[in-house]
Amino acid sequence: MSLSPFEHPFLSGLFGDSEIIELFSAKADIDAMIRFETALAQAEAGAGVIAADAADAIVSGLSDFAADITALRHGVAKDGVVVPELIRQMRAAVAGAAAEKLHFGATSQDVIDTSLMLRLKAAVEIIAARLGRLVDTLSDISARDGGNPLTGYTRMQAAITITVSDRVASWIDPLERHLVRIDTFLQNGFAVQFGGAAGTLEKLGDKAGAVRADLARRLGLSNRPQWHSQRDGIVEFGNLLSLVTGTLGKFGQDIALLAEIGAEIRMSGGGGSSAMPHKQNPVNAETLVTLARFNAVQISALHQSLVHEQERSGAGWMLEWMSLPQMVTATGSSLLIAERLAAQIDRLGAGEE
C-alpha cells in the first residue's frame with residue numbers, strides 16, 4: 001500500500017501515467033504561475049495600468065527564474081498557500097522598481113487557480129487524444145468481429161444471442177459522447193481566474209475588464225469574471241472525468257466476465273499467478289473497474305468542495321487539491337490501460353478459430 005499508487009515505485013506500474021503526473025509536478029505548477037505573472041504584467045502594461053518598461057523587466061527577470069523549493073515549503077506551512085513566498089522570490093529576481101509592479105492587483109487564488117486551469121487544459125487535450133485512439137481501436141474490433149454471435153446477458157443471466165457489434169457499440173457510443181462533452185468543455189470551460197483581493201479587482205478600476213480579457217487571451221483561456229467561490233466548473237469537470245472512467249469500467253467489467261467464461265473471447269497477454277502458473281488474470285480489465293470506482297468516490301469530495309463560504313474558502317479549496325489531481329491521473333491511466341486491453345483482444349464472439 002502507499003499514499004499514492006499513481007507515483008509509487010512499483011504500484012505505478014499498474015496505475016501510473018507519467019505524462020499526466022508531470023502536469024501536477026511542482027515544476028509544472030511553478031512554470032504555469034510564472035506564465036500568469038508575466039502575462040498579467042504584459043496585459044496591465046497594454047492597458048496602461050503599469051509602465052511598459054516595468055512589464056519588460058518582469059518578463060526578463062522571470063525568464064530564467066528558479067524557485068527555492070525548501071523556502072516555498074516553509075512558506076506554505078506558514079501561509080497556507082505557496083504564492084506569498086513565491087512572489088517574494090520572484091520580486092527578488094526582478095529587482096528594482098519593477099519588482100513592486102509584479103502581481104499588481106492579483107491575489108494568491110488568482111495565481112493558483114489559473115495555474116490549475118492551464119495544466120488541466122493540457123491534461124484534457126491528452127485525454128481527448130487517447131479517447132479518440134481507443135474509439136478507433138474498438139471500431140476496428142467491431143469491423144473485424146462484429147458479425148460474430150455473442151451471448152447477451154440481462155441481470156447477469158444469459159438472455160438471447162446478440163452480435164459482437166451490439167456489445168462493442170455499448171462501449172463506443174458513450175465514449176463518443178464524452179468526446180463531444182470534452183470538446184465543448186475545451187471551448188469555454190477553462191477560464192482565467194482574476195479577481196484580486198475579494199473578487200472586485202478594485203486596484204484596476206475601470207481597466208479591470210480589459211486587463212482580464214487580455215490576460216485570458218495571452219494564456220489561451222476563457223475570459224470569465226472571477227469565480228473564487230463559484231466552483232461549479234471544477235465539479236462539472238470532475239463529473240466529466242468520472243463519466244469517462246465509469247464507461248471504461250463498464251468495458252473492463254464486460255471483458256472480465258467474458259474472460260471468466262472464456263468461450264467467446266480470445267486474448268493475448270494477461271497477468272500471471274504466483275500460485276497457479278497456468279492462469280492469465282484479466283489484470284487490465286480489473287484495474288479499469290477499480291479506477292472507475294475510485295473516481296466515483298472522489299467526485300463526492302469535489303461536491304463537498306462546492307461549499308465555499310463568502311468570497312473565498314480555505315477548507316473547500318484545499319479539498320480540491322487533494323482530490324482533483326488524483327481524478328485526472330486516474331482518468332489518464334484508465335485510458336492507457338483501456339488501450340492496452342483493447343489491443344489484447346484477438347477475437348470476440350463465437351466465430352471460427
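Helices (H or I, at least four residues) and strands (E, at least two) are DSSP runs, numbered from the N terminus. This is a predicted model, where local features need pLDDT of at least 70, side-chain atom pairs count only at pLDDT 80 or more, and totals for chains, interfaces and linings use all residues. Residues are numbered from 1 along each chain as its sequence is written, and side-chain values use heavy atoms, with hydrogens and water left out.

**View 1. Lys 27 and Asp 31 pair up along helix H3.** Their side chains meet in a salt bridge at 2.8 Å, N to O (a side-chain nitrogen of Lys or Arg within 4 Å of a carboxyl oxygen of Asp or Glu). The two sit 4 residues apart in H3 (residues 26-46), so about one helical turn separates them. Lys 27 is exposed at 55% relative accessibility, while Asp 31 is partly exposed at 34% (buried is under 20% relative accessible area, exposed over 50%, partly exposed in between, with a 1.4 Å probe and protein chains only).

**View 2. Asp 17 and Arg 130 form a buried salt bridge.** Here the closest N and O atoms are 2.5 Å apart. The pair ties together distant parts of the chain, 113 residues apart: Asp 17 lies in the loop between H1 (12-15) and H2 (18-23), and Arg 130 in H7 (residues 108-145). Asp 17 has a relative accessible area of 2%, and Arg 130 also comes in at 2%.

**View 3. Lys 78 meets Asp 79 in another salt bridge.** The closest N and O atoms are 2.9 Å apart. Lys 78 is exposed at 67% relative accessibility, and Asp 79 is partly exposed at 31%. A search of the whole structure turns up 13 salt bridges.

**View 4. Helix H12 bends at Trp 321.** The bend is about 25° (the angle between axes fitted to the seven residues ending there and the seven starting there). A proline, Pro 325, follows within four residues.

**View 5. Met 156 and Gln 310 carry positive phi values.** Most residues other than glycine have a negative phi. Met 156, in the loop between strands S1 (149-154) and S2 (157-163), has phi near 65° and is exposed at 60% relative accessibility. Gln 310, in the loop between H11 (283-304) and H12, has phi of about 50° and is exposed at 64%.
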